[in-house]
Amino acid sequence: MAELIQKKLQGEVEKYQQLQKDLSKSMSGRQKLEAQLTENNIVKEELALLDGSNVVFKLLGPVLVKQELGEARATVGKRLDYITAEIFLRTIPDLEDVPDLFC
């Protein structure tokens, strides 16, 4: 009887430890996305301050390449949309798993 309880308890502890690892991994990924979102919002604000007479460069590997201001704004806007969607999509599955913890 005690062995059965011990095995069941050990199984629950292992599940709990796996959940902790998953949570840590998820939080780390979300923090990276949040940092990217903040960085890109700053870039968007900086690009909004520029007019057509300013020159914008894009870093491609070790080289700076001239880029049109409109193209830079569009790229940053798309990047913000992607990051926001990625944060949202990662949050939904995490929330869906919560009720399973209490079963």
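Reading from the N terminus, the elements of the chain follow the order α-β-β-α. That makes two helices and two strands, where helices (H or I, at least four residues) and strands (E, at least two) are DSSP runs numbered from the N terminus. The model is a predicted one: local features need pLDDT of at least 70, side-chain atom pairs count only at pLDDT 80 or more, and totals for chains, interfaces and linings use all residues. Residues are numbered from 1 along each chain as its sequence is written, and side-chain values use heavy atoms, with hydrogens and water left out.

**The chain as a whole**

Of the 103 residues of the chain, 13% count as buried. Here buried means under 20% relative accessible area, exposed means over 50%, and partly exposed is in between (1.4 Å probe, protein chains only). The accessible surface of the chain comes to about 8,700 Å², and 60% of this belongs to carbon and sulfur atoms. Such areas come from the Shrake-Rupley method with a 1.4 Å probe; for residues, only the protein chains shown count as cover. Contacts can be looked at too, a contact being heavy atoms within 4.5 Å. Among contacts between residues at least 6 apart in sequence, 57% join residues at least 24 apart.

**A stretch with an annotation**

For residues 2-36, UniProt gives the feature "coiled-coil region", from an unreviewed entry. UniProt positions are in the numbering used here, feature names are shortened, and annotations may be inferred rather than shown by experiment. In the model, this span is 100% helix and 0% strand, and its end C-alpha atoms lie 51 Å apart.

**The nonpolar core**

Which residues make up the largest nonpolar core? There are ten in all: Leu33, Leu37, Leu47, Val56, Leu69, Ala72, Val76, Leu80, Ile83 and Ile87. The elements that give two or more residues to this core are α1 (2-48) and α2 (69-97). Helix α2 gives the most, with six residues. A core of this kind is a set of buried Ala, Val, Leu, Ile, Met, Phe, Trp, Tyr and Cys residues joined through side-chain atoms within 4.5 Å.

Leaving out residues up to four places away in sequence, leucine 33 touches Ile83, Glu86, Ile87 and Arg90.

Asparagine 40 sits in helix α1. Is asparagine 40 buried or exposed? Asparagine 40 counts as buried because its relative accessibility is 5%. Apart from its neighbours within four places in sequence, asparagine 40 is in contact with Val76, Arg79, Leu80 and Ile83.

Glutamine 67 belongs to strand β2 (residues 63-67). With 10% relative accessibility, glutamine 67 counts as buried. Not counting residues up to four places away in sequence, glutamine 67 touches Val56, Phe57, Lys58, Ala72 and Thr75.

**A nonpolar patch on the surface**

Turning to the outside, Val55, Phe57, Leu59 and Leu64 form a nonpolar surface patch, with about 430 Å² of accessible area together. Patches are made of residues with over 30% relative accessible area and no salt bridge; like charges are joined within 9 Å, and nonpolar side chains (Val, Leu, Ile, Met, Phe, Trp, Tyr) within 5 Å. Valine 55 lies in the loop between α1 and β1 (56-60). Valine 55 is partly exposed, at 46% relative accessible area.

**Salt bridges**

How many salt bridges does the structure hold? There are three, each being a side-chain nitrogen of Lys or Arg within 4 Å of a carboxyl oxygen of Asp or Glu. Side chains of opposite charge can pair when their charged atoms come close.

| Lysine 15 | Glutamate 12 | 3.6 Å |

Lysine 15 and glutamate 12 both lie in helix α1, three residues apart, or about one turn of the helix. Lysine 15 is exposed at 53% relative accessible area, whereas glutamate 12 is partly exposed at 41%.

Arginine 30 and glutamate 34 are about one helical turn from each other because they are four residues apart in helix α1. Arginine 30 is partly exposed at 32%, and glutamate 34 is partly exposed at 30%.

In helix α2, arginine 90 and glutamate 86 are four residues apart, so about one helical turn separates them. Arginine 90 counts as partly exposed, at 40% relative accessibility.
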